[in-house]
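Work through the exercises below with the sequence and the coordinates at hand. Each task is followed by a solution in steps.

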Amino acid sequence: MEAASGTRPIRSYVLRQGRISNAQQRAWEALLPRYGIPFRAALLDLDAEFGRPAPKLLEIGFGMGETTAIVAAAHPENDYLGIEVHRPGVGSVLRLIAERGLENVRVIQHDAVEVLKDMIRPASLDGVHIFFPDPWPKLRHHKRRLIRPPFVALLSERLRAGGYLHVATDWAHYAEQV
């Protein structure tokens with residue numbers, strides 16, 4: 001995750017220039033100001049962002065957000081912060097949040113490593129969900145895998161005592177590494 005001085009950090013994702021649908025774009029434009037949290041190098045007060053004290057769960061890489069919306073609707077007692085870099089996915093989850101009237105979901109469109117370092121207070125999360133991170137299957141690309149010791153150490157600092165990390169992958173070698 002760290003880079004040598006003067007070089008760019010190794011990213012665990014590639015921004016693809018995928019197509020964003022008209023509905024996703026409209027949701028992104030109209031709803032990001034309401035449900036989005038802009039990236040800034042300042043610690044968040046998550047209770048203030050959600051307007052209440054409640055268990056805080058972080059989802060990294062929510063894709064199109066279908067699972068996020070289902071889980072948030074099923075557990076309104078929890079607050080869910082989703083981090084995603086891909087604009088179509090952010091637009092999709094914002095549309096789902098609005099359609100389902102979910103007030104317990106917020107979104108940050110930015111790199112998860114930077115968000116965790118700069119915005120999430122130590123011992124402030126009750127759980128972290130990472131579903132099917134990019135496995136980067138080629139050996140020379142394993143350095144790009146999100147779940148590596150420095151990142152897990154950062155996550156553990158952000159979890160409260162008794163908090164949990166839930167990772168799901170369908171790549172056996174990645175599961176063994178995790």
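Two residues are in contact when they have heavy atoms within 4.5 Å. The model used here is predicted.

**Exercise 1. Packing of H3 and H4**

Task: Determine which residues of H3 and H4 meet, and how the two helices are oriented.

Solution. 
1. Apply the contact criterion to the pair: Glu 66, Thr 68, Ala 69 and Ile 70 on the H3 side meet Val 93, Leu 96 and Arg 100 on the H4 side.
2. Sort these residues by class: the contact of H3 with H4 has four nonpolar, one polar and two charged residues.
3. Take the axes of helix H3 (residues 66-74) and helix H4 (residues 87-100): they come within 9 Å and cross at roughly 30°.
4. Classify the angle: H3 is therefore roughly parallel to H4, since angles under 35 degrees count as such.
5. Assign the hand: H3 passes H4 in a right-handed crossing.

**Exercise 2. Packing of H1 and H4**

Task: Repeat the analysis for H1 and H4, and state the angle at which they pack.

Solution. 
1. Helix H1 (residues 22-35) packs on H4 with the axes 8 Å apart and an angle of about 70°.
2. H1 is therefore roughly perpendicular to H4, because that class covers 65 to 115 degrees.
3. The hand of this crossing is left-handed.
4. List the contact residues: H1 contributes Ala 23, Gln 24, Gln 25, Ala 27, Trp 28, Leu 31, Leu 32 and Tyr 35. Their partners in H4 are Arg 87, Pro 88, Val 90, Gly 91, Ser 92, Leu 94, Arg 95, Ile 97 and Ala 98.
5. By class, the residues of this contact divide into eleven nonpolar, four polar and two charged.

**Exercise 3. Leu 155 and Ala 123**

Task: Describe the surroundings of Leu 155 and the accessibility and backbone of Ala 123.

Solution. 
1. Leu 155 is placed in helix H6 (residues 149-158) and is buried, with a relative accessible area of 1%.
2. Beyond neighbours within four places in sequence, Leu 155 contacts Ile 60, Leu 116, Val 128, Ile 130 and Leu 165.
3. The C-alpha atoms of Leu 155 and Ala 123 are separated by 9.4 Å, and the two residues are 32 residues apart along the chain.
4. Ala 123 sits in the loop between helix H5 (112-118) and strand S4 (125-131).
5. Ala 123 has 43% relative accessibility and so counts as partly exposed.
6. Ala 123 is not a glycine, yet has a positive phi of about 55°.

**Exercise 4. The whole chain**

Task: How many helices and strands does the protein chain have, and what percentage of its residues is buried?

Solution. 
1. The protein chain has seven helices and five strands.
2. Read from the N terminus, their order is α-α-β-α-β-α-β-α-β-α-β-α.
3. Of the 178 residues, 42% are buried.
4. Among contacts between residues at least 6 apart in sequence, 80% join residues at least 24 apart.
5. The protein chain exposes about 9,400 Å², and carbon and sulfur atoms supply 55% of this area.

Notes:
Residues are numbered from 1 along each chain as its sequence is written. This is a predicted model: local features need pLDDT of at least 70, side-chain atom pairs count only at pLDDT 80 or more; totals for chains, interfaces and linings use all residues. Side-chain values use heavy atoms; hydrogens and water are left out. Helices (H or I, at least four residues) and strands (E, at least two) are DSSP runs, numbered from the N terminus. Buried means under 20% relative accessible area, exposed over 50%, partly exposed in between (1.4 Å probe, protein chains only). Accessible areas come from the Shrake-Rupley method with a 1.4 Å probe; for residues, only the protein chains shown count as cover. Axes are lines fitted to C-alpha atoms, for helices over the stretch in contact, and angles run from 0 to 180 degrees between N-to-C directions. Angles under 35 degrees count as roughly parallel, over 145 as roughly antiparallel, 65 to 115 as roughly perpendicular and the rest as oblique. A crossing is left-handed if the near helix is turned anticlockwise from the far one by less than a right angle, and right-handed if clockwise. Ala, Val, Leu, Ile, Met, Phe, Trp, Tyr, Cys and Pro count as nonpolar, Asp, Glu, Lys and Arg as charged, and the others, Gly among them, as polar.
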